[in-house]
Amino acid sequence: MPENELSHRQELSRLSPGALSPLPSRTDPRSFSVLDADASVDAFGQLRATWDILVKHQWLILSTATVLTVLVAVYSFRIKPVYQATGRLDIEAELPLLQSLNELFRTGEADDSFLATEVSILQSDNLNWQTIQELGLGATEKSAATITPAAKNALIASFRSRLKVERTKDTHMVLVSYESTDPHETALVVNTLIKNFVENNFQTKYNATRQATGWMEGQLDELKVKVEKAQQAMVDYERANNIANLGEKQTVAESRFEDLSKEFNQAQSDRLTKESLYKMVAANDAQVGFLAAGNGLLASLEAKEVDLKEQYSEALAQYGPTYPKALRLQDQMKDVDALIVRERKRMVENIRNEYLAAEQRQQFLAAALASQKGEVDKGSQFLIEYNLLKRELDSNQTLYDGLLQRLKDATVTAGLRATNIHTIDEAAIPSYPVRPNKLRNIEFALAAGLALGIALAFTQEALDNSIKNAQEMEKLTGLPTLAIIPMGTSSLVMGSGLLSSDNGNGNGNSSRINVELSVLRKPGAAISEAYRALRTSVLLSTAEQPPRVVLVTSSQPGEGKTSTSLNLAATLAQKGSRVLLVDADMRRPGLSKALNMPVGRGLSGILTGAYEYDETLLKRAPGLDTLYLLSSGPRAPNPAELLCSIKMEKLVQILRQKFDHIIIDSPPILPITDATIISTLVDGVIMVVESDKTSRAALNRACRVMEHSGGRILGTVFNKVDTRRDGYYGYRYYHGYYTRSASYYHEDHGDDGTAA
């Protein structure tokens with residue numbers, strides 16, 4: 001890389017010393033700080049400048065005021081006077097159906113939506129047309145039967161344009177006004193419209209009541225038939241099932257069922273108790289002794305057995321087993337044991353019999369309970385059917401009685417004339433017109449004419465806020481002008497280049513020609529020499545070494561930053577340097593289209609992590625082997641977040657190692673922040689300014705934004721300059737010289753036959 005930088009310096013030393021003077025170093029940022037153009041103007045100077053503008057344009061101000069005053073005065077005296085009559089209405093809330101004469105004077109609260117609806121009805125086409133026909137406005141009384149829909153709509157529109165209906169704030173009052181050149185007509189129209197509105201309101205309610213009455217009469221006949229059918233069905237059911245008093249019968253059956261349920265539960269408990277007792281003594285009859293509390297025989301036998309055992313033990317101990325007394329006691333013990341066994345068996349048999357009797361009783365009660373349950377179910381079914389029939393009869397009877405009462409009320413209400421709209425003030429015949437107010441109109445026209453004239457005077461001074469020359473631009477920004485790019489002579493030829501414009505260099509929609517590759521296509525043209533001068537200025541813009549990563553931007557779109565980026569990269573590539581052109585405008589990319597290349601994969605995919613940087617992502621520019629393009633890639637939803645990521649910083653570091661120069665084309669500064677983000681990653685920023693288009697405020701603001709973000713502005717490029725203006729004769733000379741020498745240099749013409 002140092003060898004390439006040395007070659008740059010050697011090449012620059014061979015350039016003509018008069019091409020462009022070396023620019024001072026930007027080591028001291030204070031030397032190029034943005035100046036405030038109005039800082040030196042004091043209050044007296046501003047007042048003097050204002051007075052000078054007024055004196056300079058005094059005839060414009062006076063003529064404007066005079067013309068406007070005369071026109072308004074003539075109009076005020078020639079126009080017919082217009083009169084206005086106003087009537088006042090009180091609109092209360094809608095009342096429910098009246099039941100008596102006492103309810104005629106009830107009032108209710110009317111909300112805003114209700115009042116707005118009534119105002120809309122006052123302005124409705126039907127009510128307006130009814131008033132027009134009644135009063136014969138527009139000669140409708142002569143042609144009411146043959147009037148066309150278009151004529152009818154025109155009359156209604158004319159009537160509505162002169163009608164004004166408005167609500168009084170915080171009240172129920174509505175003001176109805178009408179304007180006309182006839183004072184008697186104004187009052188007559190307002191009063192007639194109010195009368196029709198009240199009549200229409202009453203008629204609407206009356207028709208609704210009559211319609212509801214007719215509907216209720218039809219429903220009443222249907223309900224009467226239903227009541228009769230329900231009564232007949234209930235009587236037929238009672239006869240078919242021989243029911244005299246279903247409710248009482250049902251009570252007796254349920255009582256018997258409840259008693260049987262209790263007895264069955266007791267029998268079941270008794271059976272379980274005796275069953276458990278029987279099973280216990282059947283397994284071990286010795287357990288009967290514990291249950292013999294009420295059996296004296298078994299208890300006496302067991303007591304006697306105990307006594308004999310005691311006597312036998314004494315005799316055995318005293319006399320021995322062969323002693324007659326011991327033998328006699330032994331025989332007695334055997335007899336008692338036999339009696340005990342027999343008694344126990346008898347008791348076990350008694351317990352068994354009691355268990356069997358309890359079980360049989362439970363079975364009898366279960367059968368009786370089941371039978372009684374069937375009776376209850378049958379009675380319940382009768383009751384369900386009976387209740388359904390009775391409920392239907394009661395429901396139909398209730399509906400019939402209620403509807404009959406409502407029908408009577410509606411019949412009474414239809415004869416009561418009640419309305420919620422009251423006329424407070426009828427419209428009176430106006431005695432003076434509401435317009436025109438001749439004196440006020442003339443005074444207002446004079447004041448408005450003076451104000452308009454003064455505004456036009458200041459507008460003429462303030463409208464032209466664009467940059468006119470490089471000196472003005474340098475004075476405003478304090479930045480050096482790196483190059484002045486002329487407007488091509490073939491700018492009137494229609495072109496299809498993305499970055500061409502109506503004046504030759506930049507974006508445009510009409511009268512444009514491709515200038516993106518003018519350095520390659522027309523190397524001898526004046527615009528090509530201007531871009532070579534830009535290359536020289538950029539390489540000499542820093543004292544230490546030429547900037548390797550350069551950002552090209554502008555304050556607003558369409559100033560030619562993309563064509564400047566492409567031609568600057570082409571001039572650097574012509575020196576043999578490896579140059580990379582990066583399209584960082586991911587919102588409106590233009591480099592790929594300018595070079596007739598597909599966008600494909602590019603910067604956005606690298607920053608989003610879709611793929612890593614690789615040489616295959618680069619595209620070689622046609623005609624230059626050392627100029628490469630990194631396209632913007634697929635459209636990204638968040639370009640600013642991608643550009644301020646760590647991946648962008650790492651990508652710039654990688655590209656620094658692989659290329660001698662990197663030219664980055666970015667979006668404009670003021671609309672979006674992409675350029676300010678990228679400015680921290682580059683060696684310098686080139687600000688493109690369009691002649692006669694870029695405003696002072698936009699350029700000043702763009703420079704301030706760039707400096708505050710830490711970007712290092714190398715200088716400005718004054719683009720699309722009209723060489724016919726004073727101060728730029730040199731460009732016209734060079735352009736004419738190269739045009740006349742085209743045959744000598746064998747320059748090719750464009751497709752349209754015009755040199756670019």
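Residues are numbered from 1 along each chain as its sequence is written, and side-chain values use heavy atoms, with hydrogens and water left out. In this predicted model, local features need pLDDT of at least 70 and side-chain atom pairs count only at pLDDT 80 or more, while totals for chains, interfaces and linings use all residues.

A pair of aromatic rings is described by the distance of the centres and the angle of the planes. The structure holds 2 aromatic pairs (rings of Phe, Tyr and Trp, the last by its six-membered ring, with centres within 6.5 Å; planes under 30 degrees apart count as stacked, over 60 as edge-to-face and the rest as tilted). Phe159 and Tyr178 form a tilted pair, with 5.1 Å from centre to centre and 35 degrees between the planes. This pair links distant parts of the chain, since Phe159 belongs to helix α7 (residues 149–162) and Tyr178 to strand β3 (residues 173–180), 19 residues apart. Helices (H or I, at least four residues) and strands (E, at least two) are DSSP runs, numbered from the N terminus. Both Phe159 and Tyr178 are buried (under 20% relative accessible area, with exposed over 50% and partly exposed in between, for a 1.4 Å probe and protein chains only).

The pair of Tyr628 and Phe659 is edge-to-face, because the ring centres are 5.8 Å apart and the planes stand at 65 degrees. Tyr628 lies in strand β9 (residues 627–630) and Phe659 in the loop between α20 (646–658) and β10 (661–665), so the pair ties together parts 31 residues apart in sequence. Tyr628 is buried, with a relative accessible area of 13%, and Phe659 is buried at 1%. Phe659 also has Arg578 over its face, at 4.6 Å from the ring centre. Likewise, the charged end of Arg601 sits over the ring of Tyr611, 4.7 Å from its centre. Such a charge is NZ of Lys or CZ of Arg within 6 Å of the ring centre and within 35 degrees of the ring normal.

Turning to the strands, β10 is mostly covered, with 5 of its 5 residues buried. His661, Ile663 and Asp665 point one way from β10, and Ile662 and Ile664 the other way. Strand β6 (residues 549–554) pairs with β10 in the parallel sense over 4 bridges (pairing requires at least two DSSP bridges between two strands). Val552 has Asp665 of β10 as its bridge partner. Strand β7 (residues 579–583) also runs parallel to β10, joined by 5 bridges, and Leu581 stands opposite Ile663.

An open sheet of 4 strands has the order β2-β3-β1-β4, with antiparallel pairing. Its edge strands, β2 (163–167) and β4 (421–425), each pair on one side only. Strand β1 (residues 83–91) pairs with β4 in the antiparallel sense over 4 bridges, and Leu89 has Thr423 in β4 as its bridge partner.

Finally, helix α5 (residues 125–135) packs against α7 at an angle of about 95 degrees, with the axes 10 Å apart. Axes are lines fitted to C-alpha atoms, for helices over the stretch in contact, and angles run from 0 to 180 degrees between N-to-C directions. The two helices α5 and α7 are therefore roughly perpendicular (65 to 115 degrees; under 35 is roughly parallel, over 145 roughly antiparallel and the rest oblique). The contact (heavy atoms within 4.5 Å) involves residues including Trp129 and Ile132 of α5 and Leu155 and Phe159 of α7.
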